[in-house]
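Here is a short note on the model for you to read beside the structure. Please keep the sequence open as you go through the points.

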Amino acid sequence: EERGGRLFWLSAIRGNNQTADVAFAKMLDSFPADVKIFINFNMDSITGADCPGVSAPAAIGLSSQEALNICKIAGEHPNVAFMDISELNPVVEDYRSPRLTTFMFYYYLLGFVIKKRDRKST
């Protein structure tokens, strides 16, 4: 935090009886408008039932749909400069988890294209 970074825990994202994507969007909006945001999406945060191919599969975590929604919101947000995805381990499982990772990037890019289109129309 001393360098302006923030770490958001699942309990904070799921707080106040909000869906994870709504809470995530509110967290992004809490940054000043002139701040560029880097998103590191750790695959360990997704429940092991949806994403078993990680170093530490989670018993409790985000669903794959929540992860996809969050990626699209990140792509659409004007402050988000870039996003990376970490902790995929195809040695552990090489089918569902890599596919989910690919879809997450796809959803991020969908949001990014929407952001670019909306900028051109204004």
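Is K72 buried, partly exposed or exposed, and at what relative accessibility? K72 counts as partly exposed, at 27% relative accessibility. Buried means under 20% relative accessible area, exposed means over 50%, and partly exposed lies in between (1.4 Å probe, protein chains only).

1. **Ground rules.** This is a predicted model: local features need pLDDT of at least 70, side-chain atom pairs count only at pLDDT 80 or more, and totals for chains, interfaces and linings use all residues. Residues are numbered from 1 along each chain as its sequence is written, and side-chain values use heavy atoms, with hydrogens and water left out.

2. **The K72 salt bridge.** Side chains of opposite charge can pair when their charged atoms come close. K72 pairs with E76 in a salt bridge, at 3.1 Å from N to O. The term means a side-chain nitrogen of Lys or Arg within 4 Å of a carboxyl oxygen of Asp or Glu. The two residues are four apart in helix α3, so about one helical turn separates E76 from K72. E76 is partly exposed, with a relative accessible area of 32%.

3. **The other pair.** A search of the whole structure finds two salt bridges. D118 and R117 also meet through their side chains, at 3.3 Å from N to O. R117 is exposed, at 52% relative accessible area. D118 is partly exposed, at 36%.

4. **Helices α3 and α4.** Helices (H or I, at least four residues) and strands (E, at least two) are DSSP runs, numbered from the N terminus. Two packed helices are described by the angle between their axes and the distance between the axes. Helix α3 covers residues 64-76, and its axis comes within 6 Å of the α4 axis. The two axes cross at roughly 30 degrees. Axes are lines fitted to C-alpha atoms, for helices over the stretch in contact, and angles run from 0 to 180 degrees between N-to-C directions. Therefore α3 and α4 are roughly parallel to each other. Angles under 35 degrees count as roughly parallel, over 145 as roughly antiparallel, 65 to 115 as roughly perpendicular and the rest as oblique. The crossing of α3 and α4 is right-handed.

5. **Helices α2 and α3.** Helix α2 spans residues 20-29. Its axis and that of α3 come within 9 Å and cross at roughly 25 degrees. That makes α2 roughly parallel to α3. The α2 and α3 crossing is right-handed.

6. **A surface patch.** F103, Y106 and L110 form a nonpolar patch on the surface. Together they have about 290 Å² of accessible area, from the Shrake-Rupley method with a 1.4 Å probe; for residues, only the protein chains shown count as cover. Patches take residues with over 30% relative accessible area and no salt bridge: like charges are joined within 9 Å, nonpolar side chains (Val, Leu, Ile, Met, Phe, Trp, Tyr) within 5 Å. Y106 sits in helix α4, residues 96-121. Its relative accessible area is 47%, so Y106 is partly exposed.

7. Most residues other than glycine have a negative phi, and most peptide bonds are trans. E87 is not a glycine, yet its phi is positive, about 80 degrees. E87 lies in the loop between β2 (80-86) and α4. At 36% relative accessibility, E87 is partly exposed.

Conventions: Left-handed = near helix turned anticlockwise from the far one by under 90°.
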